[in-house]
Amino acid sequence: MTATYLKICKQRFDPEAEHKAFREVINGAGAIVAFTGLVRGEGEDLTLTLSHYPDFTESQILEIAKTAETRWPITGWRILHRVGTMQAEEPIVFVATASRHRRDAFEAADFLMDYLKSEAAFWKSESVAGKTRWIEPRAQDITDKKRWAD
Amino acid sequence: MIEILFFGRLGDASEALRVELPDGVVDTDGLTIWLSAKNSFLAAELQKSGNRIAVNKTIIAQNKSLKRGDEIAYMSPLSGG
């Protein structure tokens with residue numbers, strides 16, 4: 001039985017607490033890989049606002065995670081993604097995977113992140129000194145995702 | 001009634017709409033043309049590449065027929081993480 005958990009968070013979350021909660025449910029795993037994405041910058045006058053498409057976003061991520069479950073023998077995954085407005089250094093995404101051996105957890109987490117960056121239904125805008133612009137996937141994000149094509 | 005949602009850049013161009021299926025509009029291509037005629041700011045955004053359309057929360061790859069009660073979402077390129 002794979003331990004699964006997905007949450008779209010309107011409020012700030014604590015990656016350490018999520019890691020601990022994940023560790024408690026992945027009986028028998030020999031490896032956990034956890035990735036935390038942060039809003040880049042250091043005390044800058046910058047805010048990031050993320051929106052999503054309720055239900056659609058969640059069901060899409062569940063599909064992506066199911067694909068990961070079929071490709072790697074993972075015993076669990078945990079995904080949290082922020083929406084709303086956040087500032088530099090705040091956690092924006094948390095992805096953890098667990099498996100009996102490390103390689104599967106590394107690859108599954110990498111795969112999940114590449115898909116979240118370019119395929120999950122989130123929209124991100126950045127405001128700096130009162131100027132707002134939409135952020136769209138970089139060419140690198142698209143290339144990263146293509147690494148996983150069969 | 002149909003419900004039309006706009007996300008990302010497209011959300012700057014239009015509020016969500018709840019309207020009767022317009023006369024003569026039978027599919028998503030027709031709806032896109034109808035929306036473009038109503039709102040020139042939206043028309044410009046809809047022409048940009050990388051947008052996606054979902055009908056009842058399923059992404060469509062080609063023109064799809066519409067009926068009363070459908071939820072159509074116009075989405076600009078996605079950017080998570």
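On the α2(A) side the contact is made by A:Ile64, A:Ala65 and A:Ala68, and on the α3(A) side by A:Ala108, A:Phe111, A:Leu112 and A:Tyr115. Two residues are in contact if their C-beta atoms, placed from the backbone, lie within 7 Å. By class, this contact has 7 nonpolar residues and no polar or charged ones. Ala, Val, Leu, Ile, Met, Phe, Trp, Tyr, Cys and Pro count as nonpolar, Asp, Glu, Lys and Arg as charged, and the others, Gly among them, as polar.

## About the model

What you see is a predicted model, in which local features need pLDDT of at least 70 and side-chain atom pairs count only at pLDDT 80 or more, while totals for chains, interfaces and linings use all residues. Residues are numbered from 1 along each chain as its sequence is written, and chains are lettered from A and ligands numbered from 1 in the order in which they are written.

Now follow α3(A) to α4 (residues 139-146) of chain A: the two axes come within 9 Å and cross at roughly 140 degrees. α3(A) and α4(A) are therefore oblique to each other, and their crossing is left-handed.

From α3(A), the contact takes A:Asp114, A:Tyr115, A:Lys117 and A:Ser118, and from α4(A) it takes A:Asp141, A:Ile142, A:Asp144 and A:Lys145. These residues divide into 2 nonpolar, 1 polar and 5 charged.

## Chain A as a whole

Chain A has 4 helices and 8 strands, where helices (H or I, at least four residues) and strands (E, at least two) are DSSP runs numbered from the N terminus. Along the sequence they follow the pattern β-α-β-β-α-β-β-β-α-β-β-α. The radius of gyration of chain A is 16 Å, close to the 15 Å that the globule rule gives for 150 residues, so chain A is as compact as a globular protein of that length. That radius is taken over C-alpha atoms, and the rule is 2.2 Å times the number of residues to the power 0.38.

Of the 150 residues in chain A, 35% are buried. A residue is buried if 20 or more other C-beta atoms, placed from the backbone, lie within 10 Å of its own, exposed if 12 or fewer, and partly exposed in between.

## Chain B as a whole

Chain B comes to 3 helices and 5 strands, running β-α-β-α-α-β-β-β from the N terminus. Its C-alpha atoms fill a box of roughly 35 × 25 × 20 Å along the principal axes, and 28% of its 81 residues count as buried.

## Where the chains meet

The contact takes 23 residues from chain A and 13 residues from chain B. On chain A, α2 (56-71), β6 (91-99), α3 (102-118), β7 (122-128) and β8 (131-135) each supply at least two residues of the side that touches chain B. The largest share, 4 residues, comes from α3(A). By class, the side of chain A that touches chain B has 13 nonpolar, 5 polar and 5 charged residues.

How values were computed:
Axes are lines fitted to C-alpha atoms, for helices over the stretch in contact, and angles run from 0 to 180 degrees between N-to-C directions. Angles under 35 degrees count as roughly parallel, over 145 as roughly antiparallel, 65 to 115 as roughly perpendicular and the rest as oblique. A crossing is left-handed if the near helix is turned anticlockwise from the far one by less than a right angle, and right-handed if clockwise.
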